[in-house]
Amino acid sequence: NGMRVWVEFEGARLTMTDKSSLYLVDSNWRRRALLTSQFANAGFHIEPFDGASEFALRPPPQGVVFVHDEPGVLKELTDLMAANGRWLAIVCYADNPSAGQVVQAVMAGACDFVSLPIAGSDIVATTTAASACLEAKAHGWLRRSVAQSQISRLTKREREVLEGVSDGRSNRLIAPDLEINPRTVEIHRANMRNKLEARGT
């Protein structure tokens, strides 16, 4: 019915959409044409792209992106989405993918991985599952975006103290490395906690 649902926080938007908004990223024009036809026959509107570079020129606001699993393409797409603060569900596909290939893609940000050929019923199920996957991942992505935003507000010295704290070191151990007094470390820690809105170390 064209309904869209999104979550927006600190400039990061994650969009979940119905099956009507699908995008195809594939450098092989024959396979791209064949899949575009298959998706259309299954009742989907799909917009094809010949690669991540073309996708970057006019990134869609919402939908599910089907990507042929080629070296570097998935990373280019996830980097683009991270830079835009707008995440779409990604589904990778390939001919007879290996288990390692699937695991690698999912760990890199793909919601699903399908093997060619893709049946019409599989497109519906995969698209629905990918949208649900995006919704499930939304909380983690938003938390990461907020954390990156907060850390960017720290001074260079506060980041150095944060590194020491994250290594589990005390003020007395951090101070000599930074050539400052332990009391000064404590002041930086207090400022850092306030900026990060942290309840404790």
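Residues 24 or more positions apart make up 58% of the contacts in the protein with a separation of 6 or more, a contact being heavy atoms within 4.5 Å. The model is predicted: local features need pLDDT of at least 70, side-chain atom pairs count only at pLDDT 80 or more, and totals for chains, interfaces and linings use all residues. Numbering runs from 1 along each chain as its sequence is written, and side-chain values use heavy atoms, with hydrogens and water left out.

**Overall make-up**

The protein has eight helices and eight strands; these are DSSP runs numbered from the N terminus, with helices being H or I of at least four residues and strands E of at least two. Of its 201 residues, 41% count as buried. Buried means under 20% relative accessible area, exposed over 50% and partly exposed in between, with a 1.4 Å probe and protein chains only. The accessible surface is about 11,200 Å², and carbon and sulfur atoms hold 52% of it. These areas come from the Shrake-Rupley method with a 1.4 Å probe; for residues, only the protein chains shown count as cover.

**Strand β3 and its neighbours**

In a regular strand the side chains alternate between the two faces of the sheet. In β3, L22 and L24 point one way while Y23 and V25 point the other way, and all are buried. Strand β3 pairs with β4 in the parallel sense over four bridges, and four bridges also join β3 to β5, again running parallel. Strands pair if DSSP finds at least two bridges between them. Y23 stands opposite E47 in β4 and opposite V65 in β5. From β3 the chain crosses through α1 to β4, a right-handed β-α-β crossover. Right-handed here means that, with the strands pointing away from the viewer, the path from the first strand over the helix to the second runs clockwise.

**Aromatic pairs**

A pair of aromatic rings is described by the distance of the centres and the angle of the planes. Rings of Phe, Tyr and Trp (its six-membered ring) pair if their centres lie within 6.5 Å; planes under 30 degrees apart are stacked, over 60 edge-to-face and the rest tilted.

| Pair | Centre to centre | Angle between planes | Class |
|---|---|---|---|
| Y23 and F49 | 6.3 Å | 45° | tilted |
| F39 and F66 | 4.9 Å | 75° | edge-to-face |

Y23 lies in strand β3 (residues 22–25) and F49 in strand β4 (residues 46–49), so this pair ties together parts 26 residues apart in sequence. Y23 is buried at a relative accessible area of 10%, and F49 is buried at 1%. Y23, F49 and F55 form one aromatic cluster.

F39 in helix α1 (residues 29–41) and F66 in strand β5 (residues 64–68) link parts of the chain 27 residues apart. F39 is buried, with 0% relative accessibility, as is F66, with a relative accessible area of 1%.

**Helix α6**

Which residues of helix α6 (residues 156–166) are buried? They are E158, V161, G164 and V165. These residues cover an arc of only 115° around the axis, which puts them on the same side of α6; the arc is that of the directions from the helix axis to the C-beta atoms. They pack against α7 (171–178) and α8 (182–196). The face of α6 turned away from the buried side carries the exposed residues K156, E163 and S166. Just after α6, G168 takes a positive phi of about 85°.
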